[in-house]
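Thanks for making the time this morning. I would like to walk you through one structure, going slowly and keeping to what the coordinates can tell us.

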Amino acid sequence: MAARSNPITPLTTNSPVNYLAIKHLHITCAAISGSFFLLRGLWMLTGSPLLQRRWVRVVPHVVDTLLLATALVLVFWSGQYPFVQPWLTAKMLALVAYIVLGTVALKRGKTQGVRTFALVAALATLAYIVVVALTRQALPGF
Ligand code: HEM
């Protein structure tokens, strides 16, 4: 697998079609993960018992595992690595922040105020991750 020279066009020994298929899967998982997190956030705000359903707790693990697995494939196939490309470092650190904030919002927050604040911060972090992914800039607009 050769590192690619142009960050827009993947040059790998794997076909670009495979790369694009994985990238589409990655984007689909990101969209499902974000939408379902938003839905669970709304359920948290309204005190819905749906939040405690078993499938509601299992599905995000499955989707997020696939999201991370596809991220790893894209990293290796594209030859772009965190701590080498600043935008990937930013994305990875923001993902950690998103996970921590998400856990506080849906599980660990002691009061409704703390949970609500963590939910808004997690959604803002998710928006940042998407903008970083689309612009390939750690500080989009600067
Ligand atoms: C919530 C987490 C994540 C979201 C929402 C997300 C979102 C996206 C999106 C929307 C794209 C497509 C960008 C485009 O149009 O070219 C993308 C591509 C990509 N993502 Fe993620 N991603 C996430 C996590 C990660 C992580 C943790 C990594 C690895 C550290 C990663 C690595 C990549 C790579 C290498 C690409 C392909 C870039 C390219 O080929 O141009 N992603 N991601």
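**Helix H4 and its surroundings**

Let me begin with helix H4, where the buried residues are Ala118, Leu119, Ala122, Leu126, Ile129 and Val132. Please keep in mind throughout that this is a predicted model. The helix itself runs over residues 112-135, and its 24 residues reach 35 Å from the first C-alpha to the last, which is close to the 34 Å expected at 1.5 Å a residue. Just after H4 comes arginine 136, which takes a positive phi of about 55 degrees.

What do the buried residues of H4 pack against? They pack against helix H1, residues 16-46, and helix H3, residues 86-108.

From H3 I have picked out tyrosine 98, which counts as buried because it has 21 C-beta neighbours inside 10 Å, and the cut-off for that label is 20 or more. If we set aside residues up to four places away in sequence, tyrosine 98 touches Ala122, Thr125, Leu126 and Ile129.

Finally, let us turn to the ligand, which is surrounded by 19 residues, the closest being Ala30, Ala71, Leu74, Met92 and Ala133. Which helices supply this shell with at least two residues each? They are H1, H3 and H4, together with helix H2, residues 54-78. Sorted by class, the shell around the ligand consists of 14 nonpolar residues, three polar ones and two charged ones.

Conventions
Residues numbered from 1 in each chain as written. Predicted model: local features only at pLDDT ≥ 70, side-chain atom pairs only at ≥ 80, totals over all residues. Helix = DSSP H or I, 4+ residues; strand = E, 2+ residues; numbered from the N terminus. Expected span 1.5 Å × (residues − 1). Buried ≥ 20, exposed ≤ 12 C-beta atoms within 10 Å, placed from the backbone. Contact = placed C-beta atoms within 7 Å. Near = placed C-beta within 6 Å. Nonpolar A, V, L, I, M, F, W, Y, C, P; charged D, E, K, R; others polar.
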